[in-house]
Structures are given as structure tokens and as C-alpha cells.
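Subject: Structure handover

Hello,

Here is the structure for you to take over. Please open it first, then read my notes below.

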Amino acid sequence: MKVDTYMKQGVLIVKIDGELDVCGANEFRTYVDEALDMTGAKHILLDMQAVGFIDSSGVGAILGRYKRIAQNGGKLFVVNLEPHSKRIFELAGLLKVLTVYQSEEQALELL
């Protein structure tokens, strides 16, 4: 799995490429937490376009990042959510706490 991060309009953009499973979840968690510590970003935008698979470990890692930023009034947005990942998000109840947008531009425009 590969994780790229960058800042745009004060939002930490996180692009995930690969499988967000038991192996990738720890890497994702560590990488995003370090980026949050370095940037002080209030919001996170996850780009899920290149995520081929997600399991409960991946869901837990995303939920943990959501809880971390929510404590400071931040929000977590998701873009490019593929149908297979969207179904997992629905079953896990993530769609009740996260906002899904079609594109990065749309999410940042509505922030």
C-alpha cells in the first residue's frame, strides 16, 4: 500500500493506493498521524479511488482518524469512493459520520 499526503486549503489530502487491510492499516494510521502532527491540519480528505480492497482493520483505522480530528472540531471527507468500498462503509456505519463527495474539488469548494 502507498499513502501520499499534501495540504490544500488547510485540509490534509490523503491519497491511498492499494489495499487498506490488516497489513496496510497500521501503515495508514502511522502515516496520517505523522502528517497531522506536522501540519496541524483540522480536516482530512481521503481519496479512495485507488483502494482495491478494504477490511475491518482499514475501517477501524479510518474511524480512528475521524475520532482524532473530530475532538478538535474537524471533519473527515471521502472522495472517489468506489462501489465495493462504499458498501463496506455502509455496513460499518461510516456513511453516518463521514461526508462523501464525487471529487476533491467539490469537497474543497463546499468546505
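Start with asparagine 80, which lies in the loop between β4 and α3 (83-92). Keep in mind that this is a predicted model. Phi of asparagine 80 is near 55°, a positive value in a residue other than glycine. Most residues other than glycine have a negative phi.

Glutamine 9 is also worth a look. Its phi is positive, about 55°, although glutamine 9 is not a glycine. Glutamine 9 sits in the loop between β1 (2-8) and β2. It is exposed, with a relative accessible area of 57%.

Next, the helix pair. Helix α1 covers residues 22-39, and helix α2 covers residues 56-70. They pack at an angle of about 20°, and their axes are 8 Å apart. Angles under 35 degrees count as roughly parallel, so α1 and α2 are roughly parallel to each other. The crossing of α1 past α2 is right-handed.

Which residues of α1 and α2 meet? From α1 come Val22, Ala25, Phe28, Arg29, Val32, Asp33, Leu36 and Asp37. From α2 come Ser57, Gly58, Ala61, Ile62, Arg65, Arg68 and Ile69. By type, the residues of this contact are eight nonpolar, two polar and five charged.

The largest nonpolar core has 26 residues. Those with the most contacts inside this core are Val14, Phe28, Leu46, Met48, Ile62 and Phe89. Two or more residues each come from β2 (11-20), α1, β3 (43-54), α2 and β4 (76-79). A second, separate core has eight residues, among them Val11, Ile13, Leu45 and Val79. In soluble globular proteins, nonpolar side chains tend to be buried together.

Leaving aside neighbours within four places in sequence, methionine 48 is in contact with Ile16, Ile54, Ile62, Val78, Val79, Asn80, Leu81, Glu82 and Phe89.

Last, lysine 15. This residue is found in strand β2. Lysine 15 is partly exposed, with a relative accessible area of 33%. What does lysine 15 contact, leaving aside its neighbours within four places in sequence? The partners are Lys2, Val3, Asp4, Tyr6, Asp47 and Glu104. Lysine 15 and isoleucine 88 are 73 residues apart in sequence, and their C-alpha atoms are 18 Å apart in space.

Best wishes

Key: Residues numbered from 1 in each chain as written. Predicted model: local features only at pLDDT ≥ 70, side-chain atom pairs only at ≥ 80, totals over all residues. Heavy atoms only, no water. Axes fitted to C-alpha atoms, helices over the stretch in contact; angles between N-to-C directions. Helix = DSSP H or I, 4+ residues; strand = E, 2+ residues; numbered from the N terminus. Parallel < 35°, antiparallel > 145°, perpendicular 65-115°, else oblique. Left-handed = near helix turned anticlockwise from the far one by under 90°. Contact = heavy atoms within 4.5 Å. Nonpolar A, V, L, I, M, F, W, Y, C, P; charged D, E, K, R; others polar. Core = buried A, V, L, I, M, F, W, Y, C linked by side-chain atoms within 4.5 Å. Buried < 20%, exposed > 50% of the residue type's maximum accessible area, 1.4 Å probe, protein only.
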